[in-house]
Amino acid sequence: MERVFEAADQISRLLFEDGLKNMDFSWIFSEGGTVAAVVAGVIALLMVFFGAKCKYVLFALQGLLLGMTAGLAASWYLNLDGWIMIGVCAAAGVLLAAFEAVFRKFGAFVFSFVAIFVSALALAGGRGYIALGIAAAAALLFAILAAVFGDPMIIPVMGIGGGVLGGIVASRYLPFDSTIAFYGVSIALAVLGICIQYALKSSKIAKIERSKAKEIREKKSVESEIEMARNILDSDENE
C-alpha cells in the first residue's frame, strides 16, 4: 500500500508541478512506458472510429479521470495523504463519472470542452495566453453545440480528440520527426474517423427510415384490406 501512496504522490507532483506549469505531459509516456501508450492508443482509436456509439462509456471514463485528477489536486493543495487522499480521489472520480454518464447533455458539454481544449492546446504547442484563449473559445463553442445538437457535433469532437491523442502517441514512438508524425497522424485519424462515423450514422438513420416506411406500408395494406372486406360486407347486405 505504501507503493500506492508513493505513486499517487509522484503523479500529483508531476501533474501539477511539471505538467500544468510547463504544459509538458511527456512523463505520462516515459513513466508509464508501453502500457500507457497502449491504453492511450486504444482510447484514441475508440474515439476516432466508435466515439458516437460508445459516447456514454467515454463520458464516464473521462469523468472518472477528471474527478480523480481533481481529487489529486485537492489532496496536493491540502497536503493530504494515505487513505484520505485515496478516498477523496475515488469519491470525486465516481461522482463525476456518474454525473457525466447519467446527465447526457452535461456529459456532452464537459467531454467536448475538455477534448477540444486539450486538442487545441496540443496543436498550438500549448504556449502563451493567446493559445489558451483560442483553445478555450473553440472548446466552449464545440461544447455548447454538442450539448444542444448531440451526435452531429459529438462526432467531430470525438474525431478531433481521438486524432490528436493518436498523434501524440505516434509522435512518441514513430522513428521519424515527431512534429511531422504528430500533425500527420492527428489530421489523418481525425478526417478518417469523422467521415466513417458520419457514414455509419447516415446508414443507421437510413435503416430506421426504411423500417418506418415498411411499417407504414404494412399498416396501409392492412387498412386497405379491412376497407375492402367492409365494402364486400356492405355489398352483401345491400343484395
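1. Glu100 deserves attention at the outset: this residue is buried yet has no salt bridge. The nearest side chain of opposite charge belongs to Arg104, which is 12 Å away. A salt bridge would require a side-chain nitrogen of Lys or Arg within 4 Å of a carboxyl oxygen of Asp or Glu. It should be kept in mind that this is a predicted model.

2. Which residues does Glu100 touch, not counting residues up to four places away in sequence? They are Phe59, Gln62, Gly63, Leu66, Phe106, Gly107, Val110 and Phe111.

3. Glu100 lies in helix H4, an element that covers residues 82-102. The length of H4 may be checked by a simple calculation.

4. The buried residues of H4 are Gly82, Met85, Cys89, Gly93, Ala97 and Glu100. These residues cover an arc of only 80 degrees around the axis, and therefore they are on the same side of H4. On the other side of the helix, Trp83, Ile84, Val94, Leu95 and Val102 are exposed. For the student, the cut-offs are these: buried means under 20% relative accessible area, and exposed means over 50%.

5. Is Gly163 buried or exposed? Its relative accessible area is 0%, so Gly163 counts as buried.

6. The surroundings of Gly163 may be described next. Leaving aside neighbours within four places in sequence, Gly163 is in contact with Val48, Met158, Val185, Ser186, Leu189 and Ala190. Gly163 and Gly184 are 21 residues apart in sequence, and their C-alpha atoms are 9.7 Å apart in space.

7. The chain as a whole can now be considered. Its secondary structure comes to 8 helices and 0 strands, and the order of elements from the N terminus on is α-α-α-α-α-α-α-α. How much of the chain counts as buried? The figure is 31% of the 239 residues.

8. Two further totals complete the description. Among contacts between residues at least 6 apart in sequence, 67% join residues at least 24 apart. The chain exposes about 14,700 Å², and carbon and sulfur atoms supply 69% of that area.

Definitions and conventions: Residues numbered from 1 in each chain as written. Predicted model: local features only at pLDDT ≥ 70, side-chain atom pairs only at ≥ 80, totals over all residues. Heavy atoms only, no water. Helix = DSSP H or I, 4+ residues; strand = E, 2+ residues; numbered from the N terminus. Expected span 1.5 Å × (residues − 1). Buried < 20%, exposed > 50% of the residue type's maximum accessible area, 1.4 Å probe, protein only. Arc of directions from axis to C-beta. Lys, Arg positive; Asp, Glu negative; His and termini not counted. Contact = heavy atoms within 4.5 Å. Areas by Shrake-Rupley, 256 points an atom, 1.4 Å probe, with all protein chains shown as cover.
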